[in-house]
Amino acid sequence: PISIRVPILIPDYRERGIVSGYREPRSSAAACLLSAFQMSNETLNIWTHFVPAWYFAWQLAAALRPRRAWPFLAYLLSCCLYPLASSGAHTFGAMSRRARHLGYFLDYAALGTYSLGSALAYSAYAFPPEWLGGTFHLCYVPVAVLNAALATGLACYSRIVEPARPRLGKAARTAAFACPYLFDSIPIFYRLGACAARGCAGPALPLHGRHTALALLAGLVFASHLPERLAPGRFDRLGHSHQLFHVCAILGTHFQVEAVRMDMAALPAGAAPAALSTLIPMGIGAGASLAVVALCSASLGRVQQPSNILHIKE
């Protein structure tokens, strides 16, 4: 039998409903890399985001050739970063408590950047025509920049408070993911609702609808811990909620990329914004998120965490 040391009181390591399959919580970097090729409860979490990151990188490389559509390129870059950061966090999360927190802090910063990339693409290509140039359109990207930084901060904060207040930590992290998505998607929700009421159709709308459905499903499985909470131990390595969350998120992003591509193709030639109107907000949002990560990482030494260890025989 293999003895695996599992912290029984550290909520950010031991997941609800996941009984076994944990890696040694003080593994070396080499052991963490090797664990990607061994079946643990993190293996599919690693691969369900690592492989898609390179698929989106291929999409980005292809988009560089025809023309320089800056919002689309920035958005595709964010689609590469968030699954790659997530895969890294899951791979090296067993090295130490600090490495685990830092990995997920960077993961949250990448998700914040992805939300901003989505907003830049929506603002450039997917806004309802009657909203273009209005107050909401003018404020949309600046608010998305602020949301990216606030979401990163709230998600990082959720990890710091989670050991003492697990429910608050989970609620804060769920809100950090949900709020930017809901704000970014306001133009899409309007278009879907308007077309449902008027009976209009367009090639991009079904894809936006699929992305929306998968995003809502991803949020549901992330927040509910289904199915493992109904049968603890049954889904430890295959089929638990975080794996389903990854799959739904990646499929949703795939449909989102295709929908944005169609919206972009439908615009008149030369209608895309200039480079600076994309690069400046993207740089500010990413820089602010990284600054939040630095601040939260510096605070880790002041956070008390229990160190009880349980030996589980498998």
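Predicted model: local features only at pLDDT ≥ 70, side-chain atom pairs only at ≥ 80, totals over all residues.

**Cores.** I began with the largest nonpolar core, which has 36 residues. For my search, such a core is a set of buried Ala, Val, Leu, Ile, Met, Phe, Trp, Tyr and Cys residues joined through side-chain atoms within 4.5 Å. Buried means under 20% relative accessible area, exposed over 50%, and partly exposed in between, with a 1.4 Å probe and protein chains only. Phe 72, Tyr 75, Leu 116, Tyr 125, Tyr 140, Val 257 and Val 260 have the most contacts inside this core. The elements giving it two or more residues are α2, α3 (70-92), α4, α5 and α9. Which element gives the most to this core? That is α4, with ten residues. I take helices as DSSP runs of H or I with at least four residues, and strands as E runs of at least two, numbered from the N terminus.

I then checked Tyr 140 on its own. Leaving aside neighbours within four places in sequence, Tyr 140 is in contact (heavy atoms within 4.5 Å) with Ala 119, Tyr 122, Ser 123, Phe 127, Phe 183, Asp 184 and Pro 187. There is also a second, separate core of 13 residues, and Ala 109, Ile 160, Ala 176 and Val 293 are among them.

**Ground rules.** Residues are numbered from 1 along each chain as its sequence is written, and side-chain values use heavy atoms, with hydrogens and water left out.

**Salt bridges.** How many salt bridges does a search of the whole structure find? I got five, counting a side-chain nitrogen of Lys or Arg within 4 Å of a carboxyl oxygen of Asp or Glu.

- Arg 100 and Glu 42 meet at 4.0 Å, N to O. The pair links distant parts of the chain, 58 residues apart: Arg 100 is in helix α4 (residues 97-126), and Glu 42 is in the loop between α1 (29-35) and α2 (43-64). Both Arg 100 and Glu 42 are buried.
- Glu 162 and Arg 173 meet at 3.0 Å, N to O. Glu 162 sits in the loop between α5 (135-161) and α6 (166-184), and Arg 173 in helix α6, eleven residues apart. Glu 162 counts as buried because its relative accessibility is 7%, and Arg 173 because its value is 8%.
- Glu 258 and Arg 261 have their closest N and O atoms 3.4 Å apart. Both lie in helix α9 (residues 241-265), three residues apart, about one turn of the helix. Glu 258 is partly exposed at 21% relative accessibility, and so is Arg 261 at 27%.

**Cysteines.** I looked for disulfides (cysteine sulfur pairs within 2.5 Å) and the structure holds zero. Buried or exposed, where does Cys 32 fall? Cys 32 is buried, because its relative accessibility is 1%. Cys 179, at 48%, counts as partly exposed.

**A pocket.** Last, I turned to the second largest pocket, which is lined by 24 residues. Phe 127, Pro 128, Pro 129, Arg 191 and Asp 263 lie nearest its centre. On a 1 Å grid over the protein atoms alone, a pocket is an open set of points where a 1.4 Å probe fits, with protein on both sides within 12 Å along at least five of seven lines, and lining residues have an atom within 4 Å of a point. α7 gives the most to this lining, with five residues.
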